[in-house]
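I am opening a notebook on this structure. My entries follow what I looked up, one topic at a time.

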Amino acid sequence: MSDNGMYRLTTLPNGVRVVTSTMEHVRSATLQCNFRVGSRDEADAEAGIAHFIEHLLFQGTERRRTSHVIDEEIERLGGDINASTGRETTSYYVRVPYHKFGHGFEVLSDMMRHSLFRPKDVEKEREVIVDEIRSYNDVPEEVVGELTDTLMWQGAAVGRPVAGSEGTIGAISRKALVRFWEAHYTADRLVIAAAGRITHDEVVERATAAFGDLPAHGVEAATFTAPVQTAPRVALVKRDIQQANINLSVPAVSYSDDRKYAQYLLHIILGGAASSRLYQKVREKLGLAYSIGTYFTSLTDVGWGTIYANVSPEDAEQTISVVLDELKRLRRKPITPAEFERAVQYVTGSLLMGLEGSAAVASWIGVRELLLGEILAPEEVVAKYEAVTIKDVQALANELYVPEHFNLAVVGPYDDEAVFGRLIGA
């Protein structure tokens, strides 16, 4: 058993890891079941199957026959229940008043172990997911996001839409769903995380009873070697809309790379806050965009960073040119100490304030244990940020924002992709 003061960790004989954080000052308790499986683990023909399974685990067990029964039971406790599927994780959670924790645990573990996968539920959720995919295709921000990921990784699983496509969802059989579930929902891929007014021993006891007989080993987690990009790329989807959507992306560092701390500070300085360079220049000074900013997507072995903007169609070219000029300035002119210190204070303050509730703490300890096998206390992460230097951030900016690594995705009322390609040298 491990214990660093913030959390305690016990590994069951079959490999299930149970990690907890006791928070005596709160009145809630959150339980998460985090599985190391996501869309990157899928074969091309089964794209979306991990997300499909997430839907089905809410549809009923032998004891709780329908999703309505499950929802109603949790709501009677005063709690909430939900799940999310990503590229390399699938997480289920329930949050309840602390004295209802045992009941919440029983409901969630019943779903994880005893879901029925009834044919009628498979067909119903198939239609729901197809509608979900269609709704994404109606939202330009979603379309440009998917276009960005596809352009960046050239169709590889790490950049594929998590929900899959209408074609793949329509073709997935019940047999394939059960097979994927059994192969990936295994003890070695499961981290049970709990936070709130709970005790570690109680959680371990409940986890042993519910998951102690879970099969120990499934298939290996997917890996990916990122190809080296040697020239800029551009992709355009024509849509007759009032706002053009622009994403400029580059390969970036992974979740396992210690430079992620410098990368996040770079994000804040460039476009991650209202005081950031892009926000101040593009929106506040030039008035070219209502929405502009940055985000980084980090997986355990690869990452990518994106600058996004929503602009009037006639302002798209100027906006891209201004962004490119700001990237040149970032690479050539040192970040000021005042700008850097503001970013550090913003990041560390937000981090500490964001861990005041049981749900945030359960996610913090569960996901870090699942992906890295290491949980740092918040104060340790603050120290990591405080150890980053201006030179570190500047060096990373010079590594990331080089023209041959640019990937420009555009959704808007345009016919000529080449116009945008010329802006980035593609």
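Predicted model: local features only at pLDDT ≥ 70, side-chain atom pairs only at ≥ 80, totals over all residues.

**Entry 1**

I began with R76, which forms a salt bridge with E72; their closest N and O atoms are 3.5 Å apart. I count a salt bridge when a side-chain nitrogen of Lys or Arg is within 4 Å of a carboxyl oxygen of Asp or Glu. R76 and E72 both lie in helix α2 (residues 67-76), four residues apart, about one turn of the helix. My helices (H or I, at least four residues) and strands (E, at least two) are DSSP runs, numbered from the N terminus.

Is R76 buried or exposed? R76 counts as exposed, at 61% relative accessibility. E72 is partly exposed, with a relative accessible area of 37%. Here buried means under 20% relative accessible area, exposed over 50%, and partly exposed in between (1.4 Å probe, protein chains only).

Residues are numbered from 1 along each chain as its sequence is written, and side-chain values use heavy atoms, with hydrogens and water left out.

**Entry 2: other salt bridges**

How many salt bridges does a search of the whole structure find? It finds 29.

I looked up D80 next. Its side chain meets that of R95 in a salt bridge, 3.1 Å from N to O. This pair links distant parts of the chain: D80 is in strand β5 (residues 80-85) and R95 in strand β6 (residues 90-97), 15 residues apart. D80 is partly exposed, at 24% relative accessible area. R95 is partly exposed as well, at 36%.

Then I turned to R134. It forms a salt bridge with E166, with the closest N and O atoms 3.1 Å apart. R134 lies in helix α4 (residues 119-137) and E166 in helix α6 (residues 166-171), so the pair ties together parts that are 32 residues apart in sequence. R134 is partly exposed at 42% relative accessibility, and E166 is partly exposed at 35%.

I also found a network. Salt bridges that share partners join R63, R64, E73, E106 and D110.

**Entry 3: aromatic rings**

I counted 12 aromatic pairs in the structure. Rings of Phe, Tyr and Trp (its six-membered ring) pair if their centres lie within 6.5 Å; planes under 30 degrees apart count as stacked, over 60 as edge-to-face and the rest as tilted.

The rings of F35 and Y92 have centres 6.5 Å apart and planes at 85°, so this pair is edge-to-face. F35 is in strand β4 (residues 28-35) and Y92 in strand β6, 57 residues apart, so to speak of distant parts of the chain is to follow the record of this pair. Both F35 and Y92 are buried. F35, F58, Y92 and Y185 form one aromatic cluster.

What is the geometry of Y414 and F420? Their ring centres are 4.9 Å apart and their planes are at 70°, so they too are edge-to-face. Y414 is buried, at 13% relative accessible area. F420 is buried, at 3%.

**Entry 4: charges over rings**

I checked two of these. The charged end of R197 sits over the ring of Y98, 4.3 Å from its centre. K260 lies over the face of Y255, at 4.5 Å from the ring centre. The test is that NZ of Lys or CZ of Arg is within 6 Å of the ring centre and within 35 degrees of the ring normal.

**Entry 5: a sheet and its helices**

In which order do the five strands of the open sheet run? The order is β8-β12-β9-β11-β10, and the pairing is mixed. The edge strands, each pairing on one side only, are β8 (233-238) and β10 (289-298). Two strands pair if DSSP finds at least two bridges between them.

I followed β9 (residues 244-252) to β11 (residues 303-311): they run antiparallel, joined by nine bridges. L248 has I307 as its bridge partner in β11.

Helix α5 (residues 140-153) packs on the sheet and touches β8, β9, β11 and β12 (407-412); its direction makes about 150° with that of β12. Contact means heavy atoms within 4.5 Å. Axes are lines fitted to C-alpha atoms, for helices over the stretch in contact, and angles run from 0 to 180 degrees between N-to-C directions.
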